[in-house]
Amino acid sequence: MRVLVKGGGVAGLAVAHALHMRAAAVTVIDPRADFGQAASWLAGGMLAPWCERESADEAVLRRGEDAADRWEAMLPGEVARQGTLVVAPARDQSELKRFSSRTTGHRWLGEDELAALEPAIAGRFGQGLFFPREAHLDPRRVLTSLRDKLAGGGVNFTSEPQPKETFDDVVDCTGASRIGRSRDLRGIRGEMLYLRTDELQLTRPVRLLHPRIPVYVVPRGGGLFMVGATMIETEFDGPITARSLMELLNAAYTLHPAFADATVVETGAGIRPAFPDNFPRVTREAHAVVLNGLYRHGFLLAPAMAAEAADLVFSRNFEGAHAS
Ligand SMILES: Cc1cc2nc3c(=O)[nH]c(=O)nc-3n(C[C@H](O)[C@H](O)[C@H](O)COP(=O)(O)OP(=O)(O)OC[C@H]3O[C@@H](n4cnc5c(N)ncnc54)[C@H](O)[C@@H]3O)c2cc1C
């Protein structure tokens, strides 16, 4: 079976992988070979369904809890299973209690346990929450490695328009570019930055709670840290605003003052595609299966949703083969 996958972000690559594993002949088309239009390139890469449950439906936990296993199967060695640490400044301790009451899969840590887990922030927070089953990955490494692995396995990557009639099916994974064409799809702007400092080391994502701007810091290794991310109901995709930059930097500084002397390596802003319930959908539309609406759960939910999209492709084309 020949399948055209439109879009080479995390959704498109996960779908291409699922189809390739079922022996489909897959072509991935994306006008940008450098991930330059992909929200996926800006992601934190947290596979954190228990933390996300604080504001997300049960379905996100149910569909996301084996995400680390799925990524590990796709790309052995790329998943760091170090859990997530959640802390709050002394004045925001009520936020930590609230977070704890809205989530499961965690345990409370006192100051000493916190220090043992992340020595760099020892003494800065009196208590914290640890989510041991959570994991993270480096989205840029994962996107590049997955594309290379698929290309090496015979998946065709192109930026040239493809004649649809040469394919048995099409899967549309074009993310936020479908806003205005997919009913109910909207954009949630996420701004982030990369900081570099050799002054501290973290092993796992650390979430810093705040009533207005909860922020996380994800270590990438080699002194590089991703700090994210704003959640703004707008489709404006221009550069990071001064306000967001200040807020993200403030939060990083609250986590550790060494961030004050870090260099700002990169800033970015991406649009997360979302449906009203903030849960992704896999649907069959006129001439394509559409996977979209991954919201802030692209890496968390893409593997499970990609399997669903591949099911839809194979069920339709299997039925078609029997009818003809
Ligand atoms: C700052 C930030 C932090 C995030 N952190 C996390 C996180 O920690 N964990 C997590 O799970 N998720 C996270 N997310 C969410 C995640 O990044 C998104 O859910 C995910 O990237 C959406 O993937 P996608 O493949 O649907 O879209 P995209 O990554 O945007 O990819 C769409 C692709 O389609 C291409 N395209 C557009 N039009 C066409 C066309 N006509 N034909 C062919 N191709 C086309 C584009 O060039 C692009 O490459 C974060 C998002 C942001 C912005």
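Residues are numbered from 1 along each chain as its sequence is written, and side-chain values use heavy atoms, with hydrogens and water left out. In this predicted model, local features need pLDDT of at least 70 and side-chain atom pairs count only at pLDDT 80 or more, while totals for chains, interfaces and linings use all residues.

Visitor: How are the rings of F225 and F259 paired: stacked, tilted or edge-to-face?
Guide: Rings of Phe, Tyr and Trp (its six-membered ring) pair if their centres lie within 6.5 Å; planes under 30 degrees apart are stacked, over 60 edge-to-face, and the rest tilted. The structure holds four aromatic pairs. For F225 and F259 the centres are 5.3 Å apart and the planes stand at 90°, so the pair is edge-to-face.

Visitor: How far apart in sequence are the parts that the pair of F225 and F259 ties together?
Guide: Strands (E, at least two residues) and helices (H or I, at least four) are DSSP runs, numbered from the N terminus. F225 lies in strand β13 (residues 224–228), and F259 in the loop between α8 (242–255) and β14 (263–274), so the parts tied together are apart by 34 residues.

Visitor: Is V206 buried or exposed?
Guide: Buried means under 20% relative accessible area, exposed over 50%, and partly exposed in between (1.4 Å probe, protein chains only). V206 is found in strand β11 (residues 206–208). Its relative accessibility is 0%, so V206 counts as buried.

Visitor: Which residue lies over the face of F275?
Guide: A charge sits over a ring if NZ of Lys or CZ of Arg is within 6 Å of the ring centre and within 35 degrees of the ring normal. At 4.0 Å from the ring centre of F275, the residue is R281.
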